[in-house]
Amino acid sequence: MSDATKAVAQPIAPDSRTEFEAAAFRRLVEHLRERNDVQNIDLMNLAGFCRNCLSRWYQEAAEADGVTLTKSEAREIVYGMPYDDWVKEHQREASPDAKASFEARDKH
């Protein structure tokens, strides 16, 4: 049993757990949409994942359940707009330091 499970005073029903996880996912996506100043390379360098990873995981989960999503469709779910539009509006050139950190990171 994990420490997180031990800390819960009462067991969480599987349906409730799924609802809580979905709510947390929706909040994460909302937060990332609000924080469009945070670049994907910064997320990758600090957390090891970015918006593109999140959209890929979403796409993979859908496909595991028999739902086909294109890469573009999955990205639009996460970005809240077509990816190309997000890039034009919000993406900046990564700093040399950010690029160096990205290249030096442990790629698992």
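Biologist: Is Cys50 buried or exposed?

Modeller: This is a predicted model. Buried means under 20% relative accessible area. Cys50 has a relative accessibility of 6%, so Cys50 counts as buried.

Biologist: How many disulfides does the structure hold?

Modeller: A disulfide needs two cysteine sulfur atoms within 2.5 Å. For Cys50, the closest cysteine sulfur belongs to Cys53 and is 4.0 Å away, which is too far for a bond. Cys53 is likewise in no disulfide, with the sulfur of Cys50 as its nearest. The number of disulfides in the structure is 0.

Biologist: Is Cys53 buried or exposed?

Modeller: The cut-off is under 20% relative accessible area. The value for Cys53 is 9%, so Cys53 is buried.

Biologist: How many residues make up the largest nonpolar core?

Modeller: Nonpolar side chains tend to be buried together in soluble globular proteins. Here the largest nonpolar core includes both Cys50 and Cys53, along with Val29, Leu32, Val38, Leu43, Met44, Leu54 and Val78. The total is 9 residues.

Biologist: Which elements give two or more residues to this core?

Modeller: The core includes Val29 and Leu32, Leu43 and Met44, and Cys53 and Leu54. The elements that give two or more residues are helix H2 (14-34), helix H3 (40-47) and helix H4 (51-64).

Biologist: Is the pair of Tyr79 and Tyr83 stacked or edge-to-face?

Modeller: Planes over 60 degrees apart count as edge-to-face. Tyr79 and Tyr83 lie 5.2 Å centre to centre with 70° between the planes, and this aromatic pair is edge-to-face.

Biologist: Which residues do ring pairs link into a cluster?

Modeller: The structure holds 4 aromatic pairs. Tyr79 and Tyr83 form one of them. Tyr79 also pairs with Trp86: the centres are 5.1 Å apart and the planes at 65°, so this pair is edge-to-face too. The linked residues are Tyr79, Tyr83 and Trp86.

Biologist: Is Tyr83 buried or partly exposed?

Modeller: Tyr79 and Trp86 are buried, with Tyr79 at 3% relative accessibility. Buried requires under 20%. Tyr83 has a relative accessible area of 21%, so Tyr83 is partly exposed.

Biologist: Which residue has its charged end over the ring of Tyr83?

Modeller: A charge must be within 6 Å of the ring centre to sit over a ring. The charged end in question is 4.1 Å from the centre of the Tyr83 ring, and it belongs to Arg75.

How values were computed:
Residues are numbered from 1 along each chain as its sequence is written. This is a predicted model: local features need pLDDT of at least 70, side-chain atom pairs count only at pLDDT 80 or more; totals for chains, interfaces and linings use all residues. Side-chain values use heavy atoms; hydrogens and water are left out. A nonpolar core is a set of buried Ala, Val, Leu, Ile, Met, Phe, Trp, Tyr and Cys residues joined through side-chain atoms within 4.5 Å. Buried means under 20% relative accessible area, exposed over 50%, partly exposed in between (1.4 Å probe, protein chains only). Helices (H or I, at least four residues) and strands (E, at least two) are DSSP runs, numbered from the N terminus. Rings of Phe, Tyr and Trp (its six-membered ring) pair if their centres lie within 6.5 Å; planes under 30 degrees apart count as stacked, over 60 as edge-to-face and the rest as tilted. A charge sits over a ring if NZ of Lys or CZ of Arg is within 6 Å of the ring centre and within 35 degrees of the ring normal.
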